[in-house]
Amino acid sequence: MVTAVTSGLIMPAEQLTFAQIAERLSVSPEAARAIVKRHRLPRRNDGKTLAAIDLKEIRSVTDVVTTLKARVAELETELAQAEERSAGHRVDFERERERADQLVTSQDRMVAELEALHSLLCSLLEAAQQATPPVTSRTPDMARRDMARDDSLAQSMRSLLEAAQQAARPVTSRTSREMTWSERWRWLRRTG
C-alpha cells in the first residue's frame with residue numbers, strides 16, 4: 001500500500017486502474033477517470049494507468065454528493081409544486097382583476113346616470129317653480145294649501161337633488177393609504 005499526500009493530509013492509498021476503481025465504486029470507467037481527474041489524484045503509467053486512491057474518502061464524498069443530489073431533487077419537486085400553486089393564484093388574481101374592472105365600469109355608468117338624473121331634477125325643479133301661478137289670484141286658504149303642497153314637493157326635490165349631488169361627488173384627493181382598494185384601482189385606471 002502506498003501513502004499519498006493530498007490537501008496536506010496523509011492518506012493511505014491503493015494503486016488501482018480505472019477499471020478497478022470503477023468496479024469498486026460501482027461506476028463506469030469514464031466516471032472513474034473523471035473522479036481521478038477531479039480529485040487530482042497522483043497517477044503513474046506502467047503500461048496501464050494506475051491512480052493512488054483512498055476509496056473510503058472517495059466513497060464518503062460520493063455519499064455526500066448522493067445526499068446532495070437527493071436534496072436537489074426534493075427541492076426541484078417543491079419548486080414545481082410552488083409554481084403550480086402560483087399559477088392557481090395567478091388565475092384567481094386575473095379573475096378578481098376582471099371583476100374589479102367590471103365593478104368600476106358599472107360604477108362609472110351609475111355615476112353618469114346620476115349626473116343625468118341630477119340635470120333632469122334641476123330642470124324639473126326650475127319648471128315647477130316657473131309653473132307655479134302667482135299667489136294673488138287665489139284665496140288665502142287655497143294659497144296656504146298650495147304653498148304647503150309646493151313646499152313639500154320642493155323639499156322632496158331638494159332632497160333628491162342633494163342625494164344625487166352627494167352620489168356624483170368625486171373622490172376627494174387622499175393618499176393611497178387612506179383610499180380603499182377599489183378607490184385606488186379607479187384612480188389608477190383614470191390616471192394610467
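1. T17 first. Leaving aside neighbours within four places in sequence, T17 is in contact with K48, T49 and L50, where contact means heavy atoms within 4.5 Å. T17 lies in strand 2 and is buried, with a relative accessible area of 14%. For the cut-offs, buried means under 20% relative accessible area, exposed over 50%, and partly exposed in between, using a 1.4 Å probe and protein chains only.

2. Some ground rules before going on. This is a predicted model, in which local features need pLDDT of at least 70 and side-chain atom pairs count only at pLDDT 80 or more, while totals for chains, interfaces and linings use all residues. Residues are numbered from 1 along each chain as its sequence is written, and side-chain values use heavy atoms, with hydrogens and water left out.

3. Overall layout: the protein chain has 5 helices and 4 strands, and along the sequence they follow the pattern β-β-α-α-β-β-α-α-α. Helices (H or I, at least four residues) and strands (E, at least two) are DSSP runs, numbered from the N terminus. Buried residues make up 19% of the 192 residues in the protein chain. Among contacts between residues at least 6 apart in sequence, 55% join residues at least 24 apart.

4. Back to strand 2 (residues 9–17), which also holds A13. A13 is buried, at a relative accessible area of 0%.

5. How do helix 1 and helix 2 cross? The axes of helix 1 (residues 18–25) and helix 2 (residues 29–38) come within 8 Å and cross at roughly 100°. That makes helix 1 roughly perpendicular to helix 2. On the terms, axes are lines fitted to C-alpha atoms, for helices over the stretch in contact, and angles run from 0 to 180 degrees between N-to-C directions. Angles under 35 degrees count as roughly parallel, over 145 as roughly antiparallel, 65 to 115 as roughly perpendicular and the rest as oblique.

6. Now the residues at that crossing. From helix 1 come F18, I21, A22 and L25, and they meet P29, A32, R33, I35 and V36 in helix 2. By class, this contact has 8 nonpolar residues, no polar ones and 1 charged. Here Ala, Val, Leu, Ile, Met, Phe, Trp, Tyr, Cys and Pro count as nonpolar, Asp, Glu, Lys and Arg as charged, and the others, Gly among them, as polar.

7. Which residues of helix 1 are buried? They are F18, I21, A22 and L25. These cover an arc of only 100° around the axis, which puts them on the same side of helix 1; the arc is that of the directions from the helix axis to the C-beta atoms.

8. The largest nonpolar core has 13 residues, and L16, I21, L25, V36, I53, L55 and I58 touch the most other members. A nonpolar core is a set of buried Ala, Val, Leu, Ile, Met, Phe, Trp, Tyr and Cys residues joined through side-chain atoms within 4.5 Å. Helix 1, helix 2, strand 4 (49–53) and helix 3 (55–131) each supply at least two residues, and the largest share, 4 residues, comes from helix 1. Take I21: not counting residues up to four places away in sequence, I21 touches L16, A32, V36, A51 and I53.

9. Two backbone spots to check by eye. Most residues other than glycine have a negative phi. S26, in the loop between helix 1 and helix 2, has a positive phi of about 60° although it is not a glycine, and S26 is exposed at 65% relative accessible area. R40, in the loop between helix 2 and strand 3 (43–45), has a positive phi of about 50° and is not a glycine either. At 72% relative accessibility, R40 counts as exposed.

10. Last, the other helix pair. Helix 3 and helix 5 (residues 181–191) pack at about 80°, with their axes 10 Å apart, which makes helix 3 roughly perpendicular to helix 5. R97, A100, D101, V104, T105, Q107 and D108 in helix 3 meet W181, W185, R186 and R189 in helix 5. This contact divides into 4 nonpolar, 2 polar and 5 charged residues.

11. D101 touches W185 and R189, not counting residues up to four places away in sequence. D101 and W185 are 84 residues apart along the chain, and their C-alpha atoms are separated by 8.6 Å.
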